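Look at the model first, then read the points below.

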Amino acid sequence: MALNILKLRKSNERFKSNRAWLDSKHSFSFAEHRDKSWDNFGKIRVINEDIISPYSGFSNHSHSNMEIVTIVIEGEITHRDSLNNFGIIHKDEVQVMSAGTGIFHSEKNEKNINCKLFQIWIYPDVQNLKPSYNQISIKNISGNNLIIDSSKKNNPGLCINQDISIWRCKYNGLKKKYLPSEIKHFNWLQIIEGDLLISDKNNESYKFLSTGDGLGFQISDFSDIKIESDTDVDILLLSMPDIK
């Protein structure tokens with residue numbers, strides 16, 4: 001096995017929710033949108049791409065037993081929660097909230113420009129933990145930026161209660177670029193912006209991906225695959241040892 005394609009989620013096939021203040025696209029089942037074949041990818045429960053209008057957002061609501069990762073792409077979002085945490089997550093900053101036994105929070109765009117973000121929900125490996133909150137800034141957005149290191153060896157300040165690592169990778173055009181050598185056997189690749197060809201080293205298995213597309217795949221080793229792009233490309237990569 002070199003590159004085993006498991007799931008392909010084209011951008012225009014994602015579920016959509018539109019409100020006066022929100023344009024949201026869901027890679028997996030969410031809210032009123034239900035499809036058992038798209039309930040999850042391993043422990044990944046939700047990948048939502050949200051555009052939130054100025055002076056609006058999500059009012060106070062609750063979560064429990066979920067690891068929630070918020071990555072702001074444009075603008076900023078203001079977080080308040082029942083643990084008295086307050087934070088403004090700016091462009092290229094990342095927030096992790098472990099909901100654990102239960103937490104209430106709100107997410108509001110308090111500026112006069114749109115906020116675009118990706119929110120990822122991941123099932124925790126342990127239930128009913130104490131809730132927690134943290135955030136970091138990605139100082140250099142180019143290259144492979146490790147956001148969450150499940151090994152805890154190179155933890156940049158964020159962690160989740162699950163064996164999943166997350167990278168944000170931004171490349172200025174590339175040829176035969178290998179993904180991070182630390183990736184595990186099962187991976188989800190989400191295109192934030194740009195075009196990308198992912199293939200095995202013998203070009204026997206490949207997929208062409210564009211803005212908004214998502215791909216779940218399996219490999220034996222990081223050297224099994226390569227990625228190519230003629231343009232700038234911005235991606236999220238979630239990597240895990242299994243999808244049971």
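Is K184 buried, exposed or partly exposed? K184 is partly exposed, at a relative accessible area of 23%. Here buried means under 20% relative accessible area, exposed over 50%, and partly exposed in between (1.4 Å probe, protein chains only).

This is a predicted model: local features need pLDDT of at least 70, side-chain atom pairs count only at pLDDT 80 or more, and totals for chains, interfaces and linings use all residues. Residues are numbered from 1 along each chain as its sequence is written, and side-chain values use heavy atoms, with hydrogens and water left out.

**Salt bridges overall**

- Side chains of opposite charge can pair when their charged atoms come close.
- The whole structure holds eight salt bridges. Each is a side-chain nitrogen of Lys or Arg within 4 Å of a carboxyl oxygen of Asp or Glu.
- Strands below are DSSP runs (E, at least two residues), numbered from the N terminus; helices would be H or I runs of at least four.

**The K184 pair**

- K184 pairs with D163 in a salt bridge, with 4.0 Å between the closest N and O atoms.
- K184 sits in the loop between β14 and β15 (186-193), and D163 in the loop between β13 (143-148) and β14, so the bridge ties together parts 21 residues apart in sequence.
- D163 is also partly exposed, with a relative accessible area of 33%.

**R168 and its two partners**

- D234 forms a salt bridge with R168, and their closest N and O atoms are 2.6 Å apart.
- That pair links distant parts of the chain: D234 is in strand β19 (residues 225-240) and R168 in strand β14, 66 residues apart.
- R168 counts as buried at 2% relative accessibility. D234 counts as buried at 5%.
- D92 also meets R168 in a salt bridge through their side chains (2.7 Å, N to O).
- This link spans 76 residues, from D92 in the loop between β8 (86-90) and β9 (93-98) to R168 in strand β14 (residues 165-177).
- D92 is buried, as is R168.

**S17**

- S17 belongs to strand β2 (residues 15-18).
- S17 is buried, at a relative accessible area of 12%.
- Its side chain makes a polar contact with the side chain of H33 (3.1 Å). A polar contact is a pair of N or O atoms within 3.5 Å; within protein, one must be able to donate a hydrogen and the other to accept it, and residues adjacent in sequence count only if both atoms are side-chain atoms.
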